[in-house]
Amino acid sequence: MDRDEYRELFGDDDDDDDNSDNDDLFDNGGSRDNIPAAPSSDALVLRDPSVPGLALLPHFISPTDQARVSFGLHEHVGGSLTAGVRNQSMHFGLPLPPWIADIAASIHAHFQSLDPPRDPAHLFDQLIMNGYAPGDGIVPHVDLVRFADGVAVLSLDAPLVMDVTRVPPGDQQAERAYAGERLGPVDSVELFGTKTDDVPPVATDDEIAELVAAGPWTHWVTHDWARVLLVPGSLLVLEGDARWRWAHGIRFATEDWWPMLSGEWRLVPRRPRSSITFRKLIPDE
Ligand SMILES: O=C(O)CCC(=O)C(=O)O
Ligand SMILES: [Fe+2]
């Protein structure tokens with residue numbers, strides 16, 4: 001994967017990101033404690049049948065492992081992100097870095113536990129590490145065809161909302177990656193159907209904790225547009241249609257609108273968030 005291909009797909013955000021300190025993007029949630037590797041994957045798997053192949057495992061890794069992995073990630077990227085595409089660092093090939101290898105093994109084990117079990121040779125050998133400062137996002141896209149089916153995204157540090165949209169019929173193909181228009185901040189009319197000047201209050205920490213524990217994880221806007229709450233420690237799995245026929249993207253916004261357990265809307269402020277995407281590169285013929 002080279003930088004130009006990523007530019008082509010995702011654009012080069014240098015122009016519209018005024019936070020020039022890459023270190024800040026990952027300077028969150030890390031812990032200097034040397035915590036032994038013990039991923040505790042929770043069995044809870046949420047699916048939304050409207051997007052076949054989409055699954056969220058909201059508590060895939062424990063807070064202890066989140067702190068360990070976040071620290072490992074921060075150490076790994078150091079200041080080197082300035083050398084590549086902004087806010088992004090990649091790893092190709094096995095072995096994976098030791099601070100993440102056990103988590104990759106847990107994800108692999110999860111794939112094997114599915115019915116039917118997934119290809120045991122599906123060993124994740126490519127990582128994309130993304131950092132998002134408040135205001136950052138990623139244009140809606142379908143991951144490149146050179147990556148096998150079965151992509152997993154581990155979320156760290158702070159919650160954020162991902163938009164999942166059916167690829168427009170004219171663009172629907174599995175032969176080349178789709179990249180849509182960049183999504184701007186939420187527009188209340190666009191998202192909620194009614195024009196209102198009443199911006200909801202900011203969610204409290206307790207409300208966010210409730211959401212993380214048991215909250216509504218999808219919010220449908222239209223029949224081909226869902227929003228997914230990615231909480232820290234969660235694993236998003238994209239297979240089949242969800243991987244090939246639906247695009248995933250993150251708004252360039254400083255807050256996300258989200259319904260609370262009570263049904264009332266709140267603003268969930270963005271905080272520095274990072275993610276690790278696990279994929280398998282299809283070998284050249
Ligand atoms: O950061 C995320 O949650 C998604 C990243 C992603 O879609 C990608 O790297 O292809
Ligand atoms: Fe992606």
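How many contacts beyond four places in sequence does the model have for residues 80-85? There are 11 of them, in a stretch where pLDDT stays under 50. Keep in mind that what you're looking at is a predicted model.

Taken over the protein chain, pLDDT averages 79, and 76% of the residues score at least 70. For the complex, the predictor reports an ipTM of 0.99 along with a pTM of 0.83.

Now have a look at H4, a helix of 16 residues running over 98-113. From its first C-alpha to its last it reaches 23 Å, close to the 22 Å you'd expect at 1.5 Å a residue. Ile100, Ile103, Ala104 and Ile107 are its buried residues. Looking down the axis of H4, these fall within an arc of 105°, so they line one face of the helix.

## Around the ligand

Strands E4 and E14 turn up again here, as each supplies at least two residues of the shell around ligand 1. That shell is made up of Ile128, Asn130, Ile138, Asp143, Val153, Met162, His248, Ser275 and Thr277. Sorted by class, four of the shell residues are nonpolar, four are polar and one is charged.

Notes. Residues are numbered from 1 along each chain as its sequence is written. Chains are lettered from A and ligands numbered from 1 in the order in which they are written. This is a predicted model: local features need pLDDT of at least 70, side-chain atom pairs count only at pLDDT 80 or more; totals for chains, interfaces and linings use all residues. pLDDT is the predictor's confidence in each residue, from 0 to 100. Two residues are in contact if their C-beta atoms, placed from the backbone, lie within 7 Å. Helices (H or I, at least four residues) and strands (E, at least two) are DSSP runs, numbered from the N terminus. The expected span of a helix is 1.5 Å times one less than its number of residues. A residue is buried if 20 or more other C-beta atoms lie within 10 Å of its own, exposed if 12 or fewer, and partly exposed in between; C-beta atoms are placed from the backbone. The arc is that of the directions from the helix axis to the C-beta atoms. A residue is near a molecule or strand if its C-beta atom, placed from the backbone, lies within 6 Å of it. Ala, Val, Leu, Ile, Met, Phe, Trp, Tyr, Cys and Pro count as nonpolar, Asp, Glu, Lys and Arg as charged, and the others, Gly among them, as polar.
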